[in-house]
Amino acid sequence: MDLKPIKTDADFRTALAEIEALWDAEPDTPDGDRLDLLVMLVEAYERRHHPMPPADPIAAIEFMMEQRGLTRADLEPIIGSSGRVSEVLSRRRALSLSMIRRLSEELRIPAEILIQPYDLMRAA
């Protein structure tokens, strides 16, 4: 199998190319096993060299709304009145714990994302 840790950007690009070539490999075959290992190596390299910042709670809500074709009105049963939804999405009001719980349950957004700190807009 002869796999080694990914240490350079060149190693990284080579691994990605091999992953692409093996993408349709059947599970539990030598190629499928090689694909699994390459994916793990790439993920480890990315975590170490290209860490992702924590997701922004409002961006996550907006993303899920877009993915599911939801409107602001669809959030009213979860967040509250249309005014409250507007305040939250425009970053004038922070998410409350009860909002976080309902958003996590209804929109399937991990609570770990929704509890992340984010900037609020100051009143003018």
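A salt bridge is a side-chain nitrogen of Lys or Arg within 4 Å of a carboxyl oxygen of Asp or Glu. Side chains of opposite charge can pair when their charged atoms come close. The structure shown here is a predicted model, in which local features need pLDDT of at least 70, side-chain atom pairs count only at pLDDT 80 or more, and totals for chains, interfaces and linings use all residues. Residues are numbered from 1 along each chain as its sequence is written, and side-chain values use heavy atoms, with hydrogens and water left out.

Across the whole structure, a search finds 4 salt bridges. One of them joins D56 and R91, with 2.7 Å from N to O. This pair links distant parts of the chain, 35 residues apart: D56 belongs to the loop between helix 2 and helix 3 (57-68), and R91 to the loop between helix 5 (82-89) and helix 6 (97-107). Helices here are DSSP runs (H or I, at least four residues), numbered from the N terminus. D56 counts as partly exposed because its relative accessibility is 24%, and R91 does so at 22%. The scale behind these words calls a residue buried under 20% relative accessible area, exposed over 50%, and partly exposed in between (1.4 Å probe, protein chains only).

E87 is partly exposed, with a relative accessible area of 25%, and R84 is partly exposed at 30%. Through salt bridges that share partners, R84, E87 and R93 are joined into one network.

E18 forms a salt bridge with R34, and their closest N and O atoms are 2.3 Å apart. E18 sits in helix 1 and R34 in helix 2, 16 residues apart, which makes this a link between distant parts of the chain.

Rings of Phe, Tyr and Trp (its six-membered ring) pair if their centres lie within 6.5 Å; planes under 30 degrees apart count as stacked, over 60 as edge-to-face and the rest as tilted. The whole structure holds 1 aromatic pair. Its members, F12 and Y45, are stacked, at 4.9 Å centre to centre with 25° between the planes. Since F12 lies in helix 1 and Y45 in helix 2, the pair ties together parts that are 33 residues apart in sequence. Both F12 and Y45 are buried.

The nonpolar interior comes next. A nonpolar core is a set of buried Ala, Val, Leu, Ile, Met, Phe, Trp, Tyr and Cys residues joined through side-chain atoms within 4.5 Å. The largest such core has 19 residues, of which I61, L75, I79, L95 and L103 touch the most other members. Helix 3, helix 4 (72-79), helix 5 and helix 6 each give two or more residues to this core. Helix 3 gives the most, with 5 residues.
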